[in-house]
Amino acid sequence: MLCLVFGFAAVAAASDEREAAQRAYSFSISSQPLSPALLAFSRTTGISLLVAKNQLSNRLAPDIMGTMTPAEALQLMLAGSELGFKFIDRETVSISPAHLRPDNPAVSKTEGKPAPEPAVVAPIEEIIISARRRDEHLQKVPIPVTVLNANLIEEANILKLGDVALRVPGLSVSYFSIGQPNIHMRGIGSNDDGAALDNSVVLFLDDIYVGRISTIDINVLDLDRIEVLRGPQGTLYGKNAIGGAINMVSSLPTEEAGAEFNASTGNFDYRNLSGKLSGPLGSPSLLGRLSVSARERDGWQDNIVLQGNKQHDDKNYSLRAKTLYLPRDDLEWYLAYDYNKDKLNSTGRIPVVGRVPIQLTHDAGSQLPTDIFAALGGDPEHATNAVAGHTNRTIGGLSSRVSLERTNHRFTAITGYRNSDFDWLEDSTGLPGAVIALPISDFVDESHRQFSQEFRWSSGDQGGLNYLLGLYYLREETDRKEHFTIGSNKARSHQQNTSESFAFFGETSYHIGHATKLTLGGRYTYDRKDLEQQSWNGGSPAIILEDFALDSSASWQDFSPSGSLSWQARDSLFLFIRAAKGFKNGGFQGAPATRESAMREIDPETAWDFEIGMKSLWYQDRLQLNIAGFYTRYKNLQVTQFKTVDNFGVFETSNAGSANLKGLETEFTFNATENLELRGNYAWLDARYDRFNDVEGRDFSGNRLRQAPEHSANLAARYLWALNPGTLNMRLDYRYQSRSYQEPDNEVTTLPSFDLLGARLSYLPRNSNWEFSLWAENLLDEEYIAHLYLLGGNDYALFGTPRTVGISLRYSSL
């Protein structure tokens, strides 16, 4: 579907309106309140509806049965409602009393010369989400949720998870590598990438848990929407998510054949080609959709030691396929496959803070790494690493979803299999061995396989009561080899972990009176991990301090309840309070330095989260304002540190005694005029260790949590300018993040604040399926640090991508 454009009525073509209005569809919409009837109309036709919710109250739609055009169906549906409709374009209809005509009680004329109408500013479009495992209005869900729809994903040039982060309040993503993104929600995240520890923030792709950290950052090719749920989630999800859940929903096959093609080019020799095909596969009961993408960009960082090497490049090749089989009206079967391949050069690391001198070669003394780097002529765009790093990553997934409808009930079976291979090499200090005595590099070779099975039984509304019950099973197998080369010596770690998880979960909601709803849920979890590991010191002075072999097993079980009380104060004002317990299983540290560290079991995390929120519409439904406040208390928070020993160190993962989080998050969308849309969000966060003494006895109580910026914000403006032959769509997108800490010790490794500006200018010709765009990211060319880490007492950085500009051409009949 072409992107929805508010205010497009000024340039819509009458021929397009007539074409959409005259296409026939088969309708089967029973008599019901007008609001859900219009949703059913939209699902049948694919037409988006612009209508203020307060105009639909206390109105009933009649039966709409049989084959007819959308105009005929709307005319019947709106008869006697004092509402009329008007086609804005082929895929958008505005419903309003302003469109009512005395000579035709439901539909406004699109031909001849009707009387002039005052400009109508469109209300906020209602968003339907499935984050809670049933279709619901975003504004009536008692949890904080941010939704990025397909239109926003396209306009904001979102390609990966890191692009999502600064557009969601409380979400922060930074990259040690593409296979080790540090994902934190409200300050909660996981930094140990060992084979036997899990993520705090969980990703689901079409209801399938994406388990391994090395596979979580996938291409967002052909997504219908991205839903981000903040706070503990578990009573409606197969896999528990203590920090929050990111739910990616791919686009569905369409009943009518269509295609889309997108070509982009830009500086640093950027090329991006993508295509989509969708429609029937020889039968109306079998639909298919295929999407492919190839994206390449040269590196923006020169290596002055390895002449000719361009670093920080981008090469991704992706495919997504989906079929929908509808053998009967009450049965549907989705089968989906996705493939993702990345092939990247080094991401040159830059020393930015020097505290501990590094020994030079040939007994030439020692210097701070920052001084060595400067003497070699290095800067953020000119690296000095002597190791030609690389990343090779391949991800594949196959899933099946079968849904069977029974009277007011639905049974759903979801089966998933995913596999990945990850091969990575990087120079850790970014300094050449010809200059420093003991250069350090890190190599990872990892494979991951997982199988999951989920069954859900859900009800419709039965006398004010509805419920969902689920069973879940997951098995993961991870084989991770990691080599640390220090000078001529190589320390090695090999971990093979098998995890199994069983869960029973459910939730029920009951209407107390007309406007109040009580929701109660719970989840029982049993997890088990079996780890085989071997480590070899290899003469290394750090990282792995002794040879050992060890087999470890552990299991955990937990019951996590949740509850919420919501009040629909009026049609445009929704208030809620919520309490939920979160749970994350324990495990064993990655790359432990000693047998003693390897034997130490990392305890599970638990959290109690308390939320209060408001979701509202104001100013004739043109302003949507959502606010949430929260307080979360964590126990046994899993914390990873790199303990400095001389110029090196060892990894340590341990449990913090407790941590407290409190914050405020707000999001808004405002249709200021017929042509101007404003949207944005802001998050304030205070996340601190309440009690934390690490395994060395150091006291970090009162310090801020890792990667938990106090302030973050996003503001976007979109303006539509009607031209005689078409429409200009202009967008500016500003993102800000305040400073944050990358270690429990807040005296070191502080990531500075940064702000970024993006822009896009698109032209849509009249009566055309084409769109032409100019775009820029980091428009002001800000030099900023995207990721920071501590090694041997010194800070090393990965800098963010400088200004990128490009052009895109898109054709779509979807």
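**Close-up views of a predicted model**

At 37% relative accessibility, Y524 counts as partly exposed, because that class covers values between the buried limit of under 20% and the exposed limit of over 50%. The model shown in these views is predicted.

**View A. Y524 and the nonpolar surface patch.** The residue Y524 belongs to strand β34, which spans residues 516-536. On the surface, Y524 takes part in a nonpolar patch together with F411, F455, W457, L469, L471, F504 and F559, and the accessible area of these residues together is about 740 Å². Two or more residues of the nonpolar patch are supplied by each of the elements β31 (440-459) and β32 (465-486).

View B. Of its members, E783 is placed in the loop that runs between β48 (770-777) and β49 (785-791). With a relative accessibility of 59%, E783 counts as exposed, because the limit for that class is over 50%.

**View C. An open sheet of three strands.** The strands follow the order β22-β21-β28 in an open sheet, and their pairing is mixed. Because β22 (310-311) and β28 (382-383) each have a single partner strand, they stand at the edges, and one side of each is left without a neighbour in the sheet. Strand β21, which covers residues 301-303, pairs with β22 in the antiparallel sense, and two bridges join them. Within this pair of strands, Q301 stands opposite Q311 of β22.

View D. The loop between β22 and β23 (314-328) holds H312. Although H312 is not a glycine, its phi is positive, at about 65°. The relative accessibility of H312 is 10%, and the residue therefore counts as buried, because the limit for that class is under 20%.

**View E. N157, in a loop between two helices.** The residue N157 is found in the loop that links α4 (150-155) and α5 (161-165). Its phi is near 55°, which is a positive value in a residue other than glycine.

Technical notes
Residues are numbered from 1 along each chain as its sequence is written. This is a predicted model: local features need pLDDT of at least 70, side-chain atom pairs count only at pLDDT 80 or more; totals for chains, interfaces and linings use all residues. Side-chain values use heavy atoms; hydrogens and water are left out. Two strands pair if DSSP finds at least two bridges between them. Helices (H or I, at least four residues) and strands (E, at least two) are DSSP runs, numbered from the N terminus. Patches are made of residues with over 30% relative accessible area and no salt bridge: like charges are joined within 9 Å, nonpolar side chains (Val, Leu, Ile, Met, Phe, Trp, Tyr) within 5 Å. Accessible areas come from the Shrake-Rupley method with a 1.4 Å probe; for residues, only the protein chains shown count as cover. A salt bridge is a side-chain nitrogen of Lys or Arg within 4 Å of a carboxyl oxygen of Asp or Glu. Buried means under 20% relative accessible area, exposed over 50%, partly exposed in between (1.4 Å probe, protein chains only).
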